[in-house]
Structure formats: C-alpha cells, structure tokens
Amino acid sequence: MFLTVMLVSLATLAAASPVQPDAESKHWAVLVAGSAGYFNYRHQADVCHAYQILHTHGIPDERIIVFMMDDIAKSSENPTKGIIINKLNGTDVYHGVPKDYTGREVTPENFLNVITGNKEAMAGIGSGKVLESGPNDHVFINFVDHGAPGFVGFPSKTLSAKELNSALEKMHTKKMYKQLVFYMEACESGSMFEGNLLPKNMDIFATTAANAHESSYACYYDKYRRTFLGDVYSIKWMEDTDRVGTSESLQQQFQTVKEQTKSSHVQEFGDLKFDTEAIQEFLGGASGGHVEQQLKRITSPDAIKDYCADKVSSPNVPLAILYNRMNDAKTVEEQKETRVMLAEELMKRNEIAGVMKRIVDGASNANGALTEEILNGKTSPSNFDCAEAAVDAFSAHCYNVGQVDFAFRQVYALVNMCEHSSFNTTKILSSIAAACQN
C-alpha cells in the first residue's frame with residue numbers, strides 16, 4: 001500500500017513539474033581570411049567587418065575565432081597604420097578584432113582542427129581556441145580568399161573540397177551544432193559544395209560568391225590606400241546586414257545578395273529547409289545600438305543602387321591595382337617604376353601559363369588537340385586523390401599556389417587532367433616534375 005501511494009505521488013509530482021527546457025543555445029563563429037599581402041587587403045577587410053557585425057550583435061569574443069595573417073593593418077604600404085576599412089570613406093573595422101591565429105598559424109590543418117573541436121591539437125598554437133559548440137548551438141563560418149575548382153587557398157597551402165566537407169561531416173557526427181551556416185567568398189567557390197559534396201541532411205546551409213566555374217570580384221578601389229577594399233559578395237551580405245539588421249531570414253538575405261552581386265552567380269547549397277530562419281540565429285540578435293547606427297551611415301543609398309561599379313575579377317586585381325597606381329602616379333619616376341612592375345607581373349603570368357602548358361603537353365604526349373582541350377576546359381573535381389596530389393606536386397616543384405595567386409589560377413588544368421580518361425596520376429606527377437625540374 002505504502003509503495004503504491006509513493007508511486008502515485010511521484011507520478012503526480014512528475015506530471016505537475018514543468019518540462020526542463022533544452023540547454024541554452026549559443027552562437028559560435030569562425031572567420032577566416034586565407035590570403036597574405038597588401039594586394040589582398042580586401043580579404044582581411046571583409047573578415048574584420050564580419051567580426052564587427054558579430055560583436056555588435058552580441059556574440060562574445062570567446063565564441064568568435066579569427067584566422068588572418070594580420071599583415072595589412074601595419075603594412076608599410078598602409079597609409080593609415082592600425083586602421084583597415086571595408087568601404088570608401090568607411091569606419092575602421094580592425095579595432096578589437098581577436099588575433100586568435102595569425103601569420104604561420106593560418107593553415108588548413110589548424111582551421112580543420114578548430115572547427116572540429118580538436119583542442120589537444122591546438123594546444124600551444126595561437127590562442128588555442130577551438131569550437132566547443134554543442135547540439136543546441138548555432139555556428140557561423142565565413143571564409144574569404146582565393147579559390148580554384150575544388151580548392152580554396154591559405155597563405156602557403158590549399159584546402160580541398162573533400163577535406164572541408166569531411167570536416168563538416170565530422171562536426172555533424174560529433175553533434176557540434178544544431179544548425180550551421182557557411183558563407184564563402186572565393187573564385188569557383190561553388191565547387192566546394194556542389195553535387196554530393198555537401199549532403200542535404202546535415203543541417204548546413206552554405207552560400208558562395210560564385211558558381212563552380214567563375215571568378216568572384218573585388219570592388220571599392222581606394223586611391224589613397226592604392227588597393228581594393230572589399231569583395232562584391234562579401235560587401236553585399238555585410239552591407240545588407242548593416243542596413244536592415246539581423247531580423248531578415250537567411251533566404252531573404254540570399255536573394256538580396258544574389259540580386260545585387262551581378263558580377264558572379266551567388267549559389268546556395270546544403271539543407272535549405274531552415275533558410276527561413278532569421279539570420280540573427282547565426283550572426284547574433286542583440287541590438288546594435290550606437291555601433292549599428294554608425295555602420296548604417298557608411299552604407300549610402302548610392303552604394304545600394306551601384307553594386308560596386310569598379311568591380312574587377314579576382315585574378316585581375318593585381319593588374320588593376322598596378323594600372324591604377326600608374327595612372328595616379330604623381331611623378332614621372334613613380335609612373336615608370338609602376339610600369340615596370342606591371343610589365344613584370346605580365347611576364348610572370350606568361351611564364352606560369354607556359355609552365356602549365358608544358359606540363360599538359362608532357363602528360364598528353366604532345367597531343368596538341370588534347371592539350372588545348374585541357375587548357376580550355378572547365379571541370380569540377382571528383383577524383384580528389386589525383387587533384388590533391390597534383391596540386392601538392394605543382395606547389396612543391398613549380399609555384400606555391402598559396403603564395404602565387406596566378407599560379408593558383410592554373411589549378412583548373414590539373415583538375416581537368418585528373419578528370420580526363422587519357423591521363424593518370426602517375427603521368428601527371430611525372431610531367432609536373434619534368435616541367436619544373438629547373
């Protein structure tokens with residue numbers, strides 16, 4: 001009798017007690033500028049601006065992890081030391097940005113360890129911060145750099161689509177998020193998620209600046225700083241957020257950015273069933289207050305109409321910068337020096353393109369028609385074992401594609417060979433070594 005009464009009492013108490021809510025959902029973010037050098041100013045400017053948005057909207061620094069070389073703010077070429085802007089006449093976006101991983105710490109290995117929560121691997125490196133998110137949390141990843149079919153760059157190495165998506169699958173298996181949003185700015189960035197690379201059932205929504213076979217674009221050339229300040233896709237999603245806040249949905253922002261980024265085809269991938277979620281679930285939802293008002297003021301109505309009139313494809317940015325510097329030169333001597341630099345850049349590009357032609361010629365046994373097919377084709381990688389080996393060999397024997405931007409542009413030919421039935425990995429690697437032996 002006593003036992004029965006106790007069981008009934010416990011059942012009554014359990015029914016009367018409120019259900020415990022899930023653990024509090026937290027925001028986490030990883031921001032990556034994967035390039036180096038003042039000509040790539042815009043990449044770090046994009047990431048610094050992204051940090052200001054997250055910080056302004058209430059995400060604490062302990063849950064924002066930033067990768068960047070940090071060689072721009074204090075560069076000898078920067079006339080405003082310690083200041084980086086992301087828009088003409090814009091406010092400083094560099095102040096307060098966490099320096100979690102800088103210089104040689106900006107690597108694909110460290111990035112993958114950070115997003116998969118491998119704290120042990122990051123011990124003693126940079127801040128040591130990794131994602132420590134859980135199954136109720138929302139994660140935002142923003143990657144900005146150069147790209148090629150199936151690859152994105154870091155200052156001295158590359159990251160393949162296979163490696164990236166394997167890490168995202170690992171995050172999903174470890175229940176490191178409830179939902180994850182990935183914004184990627186890079187040439188051919190659509191190739192990082194297209195097809196079956198990013199499954200549609202992992203609660204990941206990704207958008208990219210371009211499709212799998214086109215460049216992304218830079219804009220906002222600053223005559224005083226003598227470089228481009230931002231990238232079109234990045235500028236558009238961030239200026240949209242500055243302008244309207246974080247209450248709109250992921251799909252609303254995607255459509256806005258897609259419409260305004262007319263220089264390339266903005267893409268979406270992954271799990272689209274939660275694209276009606278408000279972006280505040282990933283970028284933070286706190287009131288921006290005074291800072292938000294400052295950010296809104298730097299987004300003029302004219303900029304909304306003019307989607308970066310001075311846009312330049314990413315591969316042509318160095319040429320555009322040198323051409324502008326030559327035209328803006330204040331002395332004849334400065335103009336001559338810049339003209340020499342421009343000529344040297346063009347010669348270097350011809351040299352790199354010539355090396356790649358020799359590689360393809362060697363691998364095709366001097367079959368002219370096949371060489372032309374490879375050099376003019378556009379293919380997305382599926383044979384990543386071959387593509388990764390070829391890119392590594394090209395970087396080791398010829399040009400480090402993480403350091404030589406135009407060399408990265410030649411990766412497409414390596415991918416084309418790996419996807420063609422007339423080539424095999426051994427033949428490709430042998431041709432790379434022979435073409436670059438000197």
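What follows is a conversation about this chain, one question at a time.

Modeller: Before we start, this is a predicted model, in which local features need pLDDT of at least 70, side-chain atom pairs count only at pLDDT 80 or more, and totals for chains, interfaces and linings use all residues. Residues are numbered from 1 along each chain as its sequence is written, and side-chain values use heavy atoms, with hydrogens and water left out.

Colleague: Thanks! How many helices and strands does the chain have?

Modeller: Helices (H or I, at least four residues) and strands (E, at least two) are DSSP runs, numbered from the N terminus. Counted that way, the chain has 16 helices and 12 strands.

Colleague: And what percentage of the 438 residues in the chain is buried?

Modeller: Buried means under 20% relative accessible area, with exposed over 50% and partly exposed in between (1.4 Å probe, protein chains only). Among the 438 residues, the buried share is 55%.

Colleague: What share of the contacts with a separation of 6 or more comes from residues 24 or more positions apart?

Modeller: Contact means heavy atoms within 4.5 Å. Of the contacts in the chain with a separation of 6 or more, the share from residues 24 or more positions apart is 79%.

Colleague: On to the cysteines. How many disulfides does the count come to?

Modeller: A disulfide is a covalent bond between the sulfur atoms of two cysteines. The rule used here asks for a pair of cysteine sulfur atoms within 2.5 Å. By this rule the total is two.

Colleague: Is the disulfide of Cys386 and Cys418 left-handed or right-handed?

Modeller: The sulfur atoms of Cys386 and Cys418 lie 2.1 Å apart. This pair joins distant parts of the chain, with Cys386 in helix H13 and Cys418 in helix H15, 32 residues apart. Both cysteines, Cys386 and Cys418, are buried. The torsion about their S-S bond is about -75°, so the disulfide is left-handed.

Colleague: What about Cys398 and Cys436: is that disulfide left-handed or right-handed?

Modeller: Here the sulfur atoms of Cys398 and Cys436 are 1.9 Å apart. The pair again links distant parts of the chain, 38 residues apart, with Cys398 in the loop between H13 and helix H14 (405–409) and Cys436 in the segment after helix H16 (425–435). Cys398 and Cys436 are both buried. With a torsion about the S-S bond of about 100°, the disulfide is right-handed.

Colleague: Let's stay with H13 and H15. Are these helices oblique or roughly parallel?

Modeller: Two packed helices are described by the angle between their axes and the distance between the axes. Axes are lines fitted to C-alpha atoms, for helices over the stretch in contact, and angles run from 0 to 180 degrees between N-to-C directions. The axes of H13 (residues 384–397) and H15 (residues 411–419) come within 9 Å and cross at roughly 140°. Angles under 35 degrees count as roughly parallel, over 145 as roughly antiparallel, 65 to 115 as roughly perpendicular and the rest as oblique, which makes H13 and H15 oblique.

Colleague: How many residues of the contact of H13 with H15 are nonpolar?

Modeller: On the H13 side the contact is made by Cys386, Ala387, Ala390, Val391 and Phe394, and on the H15 side by Val411, Leu414, Val415 and Cys418. Ala, Val, Leu, Ile, Met, Phe, Trp, Tyr, Cys and Pro count as nonpolar, Asp, Glu, Lys and Arg as charged, and the others, Gly among them, as polar. In this contact no residue is polar, none is charged, and the nonpolar ones number nine.

Colleague: Is H11 roughly parallel or oblique to H15?

Modeller: The axes of H11 (residues 332–363) and H15 come within 10 Å and cross at roughly 10°. That angle makes H11 and H15 roughly parallel.

Colleague: Which residues of H15 make the contact with H11?

Modeller: H11 contributes Met356, Ile359, Val360 and Ala363 to this contact. Its residues divide into seven nonpolar, no polar and no charged. From H15 come Ala413, Leu414 and Met417.

Colleague: How many of the nine residues of H15 are buried?

Modeller: H15 is mostly covered. Its buried residues are Val411, Ala413, Leu414, Val415, Asn416, Met417 and Cys418.
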